[in-house]
Amino acid sequence: MTEFSFACTGVRADRYAAGPTLVFRLRVTAADDARVHALALRCQIRIEPARRGYEPAEADGLKDLFGERSRWGSTLQPVQFAQVSVMVPSFTGETETDLVVPCTYDMDVAATRYLDALDGGEVPLLMLFSGTAFTGAAGFRVEPVPWDRETSFRMPVTAWREMVEQHFPGCGWIRLPRDTMDALLAYRSRRALPSWEATLLALLDESGTADRTAGHARPDAPRTDPFAALTRGTGRTAP
């Protein structure tokens with residue numbers, strides 16, 4: 001079989017993509033200058049958190065994933081980042097291609113929570129390859145890409161941050177159940193509020209939470225439920 005090896009030479013945020021997307025530059029080498037007609041490649045990308053150090057603030061942000069730092073010897077396990085496919089066109093010996101990886105800013109996804117907790121440095125990645133190669137100098141033959149093909153890459157955290165800022169500048173992202181979203185939409189419509197930010201600020205202001213956060217509320221001010229207004233007049237169950 002043809003001996004394949006892989007290396008990742010860089011990564012960039014795709015500024016023209018419709019959603020958050022990273023583009024990894026992949027170098028593919030076929031031993032002995034073998035002729036490859038096409039390569040149907042699958043790549044699984046994992047984060048290996050044990051291969052870097054963490055500042056105290058980062059460790060605090062990772063508690064919900066890995067627990068207290070004292071337990072990290074057993075809890076700091078690999079985190080699935082992505083699984084993508086790419087069709088590499090014809091080449092002889094060596095070529096480079098883009099590996100396009102759509103990403104999410106869903107904070108319920110473990111990889112996103114991990115990346116969001118990092119202040120800087122690099123993200124240790126392990127890229128695992130498999131697939132099917134169409135090779136041969138005269139005619140062609142079909143052969144598998146062995147499952148043991150892999151390479152390591154240290155992705156700068158700045159690449160992730162740049163990607164997020166392109167699509168969610170200065171913003172966060174949360175996922176809510178459908179009933180809660182419907183109640184929020186009804187509240188927004190009743191108040192004729194121009195945005196979701198204005199909707200949430202109105203809820204916080206109605207409960208006094210916004211003033212307490214700013215330090216303007218009286219210490220003895222009653223604490224009210226900021227979401228109670230959602231069900232007022234809608235007949236819905238409070239979240």
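The following legends describe close-up views of a predicted model.

**View 1. The open sheet contains three strands in the order β1-β2-β6, with antiparallel pairing.** β1 (4-13) and β6 (94-102) stand at the edges with a single partner strand each, so one side of each lacks a neighbour in the sheet. On average, neighbouring strands of this sheet are turned by 25 degrees against each other, direction ignored.

**View 2. Nine bridges join β1 to strand β2 (residues 21-30) in the antiparallel sense.** The bridge partner of C8 in β2 is L26. Helix α5 (residues 157-167) packs on the sheet and touches both β1 and β2. The direction of α5 makes about 50 degrees with that of β1.

View 3. By class, the lining of the largest pocket comprises eight nonpolar, two polar and two charged residues.

**View 4. The second largest pocket has a volume of about 160 Å³.** R42, C43, Q44, Q83, V84, S85, L128, F129, S130 and W147 line this pocket. Two or more residues of the lining are given by each of β3 (35-47), β4 (79-88) and β7 (122-135). Five residues of the lining of the second largest pocket are nonpolar, four are polar and one is charged.

Conventions. Residues numbered from 1 in each chain as written. Predicted model: local features only at pLDDT ≥ 70, side-chain atom pairs only at ≥ 80, totals over all residues. Heavy atoms only, no water. Pairing = 2+ DSSP bridges. Helix = DSSP H or I, 4+ residues; strand = E, 2+ residues; numbered from the N terminus. Axes fitted to C-alpha atoms, helices over the stretch in contact; angles between N-to-C directions. Contact = heavy atoms within 4.5 Å. Nonpolar A, V, L, I, M, F, W, Y, C, P; charged D, E, K, R; others polar. 1 Å grid on protein atoms, 1.4 Å probe; cavity = no way out; pocket = protein on both sides within 12 Å on 5 of 7 lines; lining within 4 Å. Points joined across faces, edges and corners; volume = space filled by probe spheres on them.
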